[in-house]
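Hi,

Here is the structure I promised to pass on. Have a look at it first, and my notes follow below.

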Amino acid sequence: MNGGYVDTHCHLTAKRFEQDAVEVIRRSLAGGVRMVAVSTDVADSYVSLLLAEECPGVRAGVGVHPTMAGGLDEVGWSEIEYLAQKERVVLIGETGLDYYWKDCPPDVQKKWFAKHIELALALGKPLSVHARESVGDALAMLEPHFAEGLRAIWHCFTAGKKEIRGALDFAVRHGVFLGIGGLVTFEDQKPLRECVADIPDELLVLETDAPYLAPRPKKADRNEPAGVIRVAEVLGELRGVDAETVRGVTTRNCDALLGAWR
Ligand SMILES: [Zn+2]
């Protein structure tokens with residue numbers, strides 16, 4: 001079950017996969033794409049783990065998305081702590097801070113993000129970090145913990161024209177992996193498209209955020225883990241290499257970060 005591509009961040013439990021999640025998984029695996037099903041709340045975390053337990057080629061991320069953090073309590077958190085210890089849980093997340101949607105007050109988000117960071121450190125598993133209009137705060141919360149061994153994927157890496165170089169420097173300084181997905185195929189993502197050539201090989205991973213962010217040109221409204229193949233093509237063009245090189249580099253990084261995939 002090694003080799004191929006790895007989608008480090010997809011939402012197989014999303015409503016849009018309700019009817020055919022298993023077909024989607026089988027199609028992706030047949031196309032040579034393994035995947036990490038991340039979660040957005042406690043119930044979701046159970047389902048992601050079930051998928052990971054039953055499907056070869058699927059691993060889980062458990063956690064509570066910052067926009068959902070208002071619904072989390074101590075009981076729910078103890079469930080996340082329990083699920084996170086399972087062998088097929090390879091990521092803690094998706095977690096982070098989101099100031100774009102006003103679903104949950106920043107203080108509450110920060111409280112639970114800190115808990116996710118603690119859990120990742122305690123278990124030695126990487127975080128899948130979401131930072132939307134919150135990059136300064138999110139990085140400030142992460143920074144002190146890299147010296148303690150924290151590892152993280154900055155999911156859906158992007159930033160504005162003025163910030164993106166600083167964001168890349170931060171990632172390089174602390175060894176943060178950068179998750180590159182469908183956004184890199186969007187013509188209007190100029191700062192990201194100009195910056196991806198400078199991401200060091202050893203920090204590059206692929207993702208889809210499926211069912212969201214279908215790569216351009218759009219074949220369907222709904223994205224699937226197999227969408228990483230198109231991402232690799234475009235990323236390769238921007239980095240001056242072929243998709244096969246991108247595949248080799250990103251899959252090697254995933255195997256090192258997420259462990260052997262038996
Ligand atoms: Zn996501």
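Which residues are the protein donors of the zinc ion? They are His9 (NE2), His11 (NE2), Glu94 (OE) and Asp209 (OD), lying 2.1 to 2.3 Å from the ion. Donors here are N, O and S atoms within 2.8 Å of the metal (3.2 Å for Na, K and Ca), and since water is not among the atoms, sites may look incomplete.

Before you go further: this is a predicted model, where local features need pLDDT of at least 70 and side-chain atom pairs count only at pLDDT 80 or more, while totals for chains, interfaces and linings use all residues. Residues are numbered from 1 along each chain as its sequence is written, and side-chain values use heavy atoms, with hydrogens and water left out.

Back to the zinc ion. The angles among its four donor atoms run from 81 to 174°, and the site is irregular. For that label, four donors count as tetrahedral if all angles lie between 85 and 135 degrees; four count as square planar and six as octahedral if opposite donors are over 155 degrees apart and all others between 65 and 115; anything else is irregular. The spacing of the donor residues in sequence is H-x1-H-x82-E-x114-D. Histidine 9 sits in strand β1 (residues 5-10) and aspartate 209 in the loop between β8 (204-206) and α8 (228-239), so this pair ties together parts 200 residues apart in sequence. (Helices, H or I with at least four residues, and strands, E with at least two, are DSSP runs numbered from the N terminus.) Histidine 9 and aspartate 209 are both buried, meaning under 20% relative accessible area, with exposed over 50% and partly exposed in between (1.4 Å probe, protein chains only).

Now the helices. The axes of α3 (residues 74-84) and α4 (residues 106-123) come within 11 Å and cross at roughly 25°. Axes are lines fitted to C-alpha atoms, for helices over the stretch in contact, and angles run from 0 to 180 degrees between N-to-C directions. α3 and α4 are therefore roughly parallel to each other (under 35 degrees; over 145 is roughly antiparallel, 65 to 115 roughly perpendicular, the rest oblique). Among the residues that meet, Trp77 and Ile80 are in α3, and Trp112 and Leu119 are in α4; contact means heavy atoms within 4.5 Å.

On to α5 (residues 135-146): α4 packs against it at about 30°, with the axes 11 Å apart. α4 and α5 are therefore roughly parallel too.

Cheers
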